[in-house]
Amino acid sequence: MSLVIGEARPLRRVDVAVSSGTYPVLVGEDAAGSLHDVLSGLNGLERVAIVTDAHVPQSWPELAAGESREAGAEPLLLSIGGGEASKSTEAVSELLEAMAAGGLHRRDAVIAVGGGVVGDVAGFAAATFMRGIPLIQMPTTLLAMVDSSIGGKTGLNLRAGKNLVGAFHQPVAVLADTRALTTLPQREINCGLAEIVKYGFIAAPRILELLEISEPEGDVLDELIVTSIRCKAKTVEADEREQASRAHLNFGHTLGHALETVTGHSMSHGEAIAVGMVFALLLGRELGLVDLVDRARRLLRRLDLPVEIQGVDRDAVLNVMQKDKKFSRGLRFVVLRELGAPEVVSEVPDAAITESLEGVGIN
Ligand SMILES: NC(=O)c1ccc[n+]([C@@H]2O[C@H](COP(=O)([O-])OP(=O)(O)OC[C@H]3O[C@@H](n4cnc5c(N)ncnc54)[C@H](O)[C@@H]3O)[C@@H](O)[C@H]2O)c1
């Protein structure tokens, strides 16, 4: 779907319909140029907090500041350190104090300019400042464009585990300006590709076919991004608060999160879920479901993503997964019954878990 917003900018648009209303996700070169239109639509707006991190190229928060001024709102530029360590209650507390000191009121807005870390922290601040103020997501990583900026989940880490604090707070718009990807390191691009592969397995096999025959760049990459966003939007619309089917988005994440933790985040989110997806497919095969293990390994290798990990202790991984269990009432995995047909399984035999962990190098 092609749509022209404001000036003559052909952008792709996906609408996300949730309980609080419908919001647009705009994708393409110069999607950020629609920011002043979005801000102009907010009643009573006087100030915006533009939140970014130290490694996002400064041209992006500056662009957001220029668009804000154009819309008549005074920008307050705020930066968090970046990285998982920034997803903390301390970082949010500093942001909230700075927003209050900067004179923001309940009709003002937060603009998250960065990757999933910035989106999660700024999103949580927007969800809680004066009981919730408008949030605009301007994702600048591939992962944030296809996943974290959409759907309204925000998350902070505690010492006890990842994303244990959070709130649902839907954005009023998501502006995914694909020019941001030109400065993104290849490793981060690959991490986003891992999430895109996930959508291919759980909902859109077309994604796998595209990635198997073409390079993820140019028009192909745009197509992959928009298809992924549609998958995410549909999933969120069907189950906004993750009561049921939204959990399918966690395909590859049960082991993935544990690997991030036991490697002290030296393994990135995308790399960890790549291994996690192979594990989930091995587990499904053990349970007599569809066998897509070889297809996944071939594709992930093609994308320079890991399909196994060496030197990680099985007990350490199981411990972290068990610890998660404390919070989620039962160790559960998302497996595939068929390609594009995920389901959540619990009470999986220990032997199947052990065997599948061995299949990704964890002994
Ligand atoms: N809320 C959700 O629904 C959801 C979903 C998936 C993941 N997440 C969270 O997202 C986080 C991962 O997000 P991520 O992969 O975007 O990581 P990230 O936010 O840490 O970004 C990766 C790195 O790229 C830098 N960067 C950002 N944009 C750039 C650009 N255009 N050019 C160059 N460098 C740039 C960042 O500063 C950072 O150093 C995790 O904390 C994960 O838990 C949240």
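This report describes the ligand site, a pocket and a cavity of a predicted model.

## Basis of the model

The model is predicted, and local features need pLDDT of at least 70, side-chain atom pairs count only at pLDDT 80 or more, and totals for chains, interfaces and linings use all residues. Residues are numbered from 1 along each chain as its sequence is written, and side-chain values use heavy atoms, with hydrogens and water left out.

## Ligand site

The shell around the ligand holds 24 residues, of which Asp53, Glu84, Thr140, Thr141 and Thr183 come nearest; a residue belongs to it if one of its heavy atoms lies within 4 Å of the ligand. By class, this shell divides into seven nonpolar, eight polar and nine charged residues, where Ala, Val, Leu, Ile, Met, Phe, Trp, Tyr, Cys and Pro count as nonpolar, Asp, Glu, Lys and Arg as charged, and the others, Gly among them, as polar.

Polar contacts (pairs of N or O atoms within 3.5 Å) include a polar side-chain atom of Asp53 at 2.7 Å from an oxygen atom of the ligand and a polar side-chain atom of Glu84 at 2.4 Å from an oxygen atom of the ligand. From Ala180, a backbone N or O atom lies 3.0 Å from a nitrogen atom of the ligand. On its own the ligand has 860 Å² of accessible area, 88% of which the protein covers (Shrake-Rupley method, 1.4 Å probe). Helix 4 (116-128), helix 5 (142-148) and strand 9 (161-168) are the elements that give two or more residues to the shell; helices (H or I, at least four residues) and strands (E, at least two) are DSSP runs, numbered from the N terminus.

## Second largest pocket

The second largest pocket has a volume of about 430 Å³, and among its 19 lining residues Ile189, Pro216, Glu217, Gly218 and Leu221 are the closest to its centre. On a 1 Å grid over the protein atoms alone, a pocket is an open set of points with protein on both sides within 12 Å along at least five of seven lines, a cavity is a set where a 1.4 Å probe fits but cannot get out, and lining residues have an atom within 4 Å of a point. A volume is the space filled by probe spheres set on the points, which are joined across faces, edges and corners.

Because domain 1 (2-183) and domain 2 (186-359) both give residues to the lining, this pocket lies between them, the bounds coming from an automatic or database domain assignment. Helix 6 (186-202) and helix 8 (218-238) each supply at least two lining residues.

## Cavity

A search of the whole structure finds one cavity of 30 Å³ or more, and the largest cavity has a volume of about 40 Å³. Its lining has five nonpolar, five polar and no charged residues, including His253 and Phe279.

Key: A polar contact is a pair of N or O atoms within 3.5 Å; within protein, one must be able to donate a hydrogen and the other to accept it, and residues adjacent in sequence count only if both atoms are side-chain atoms.
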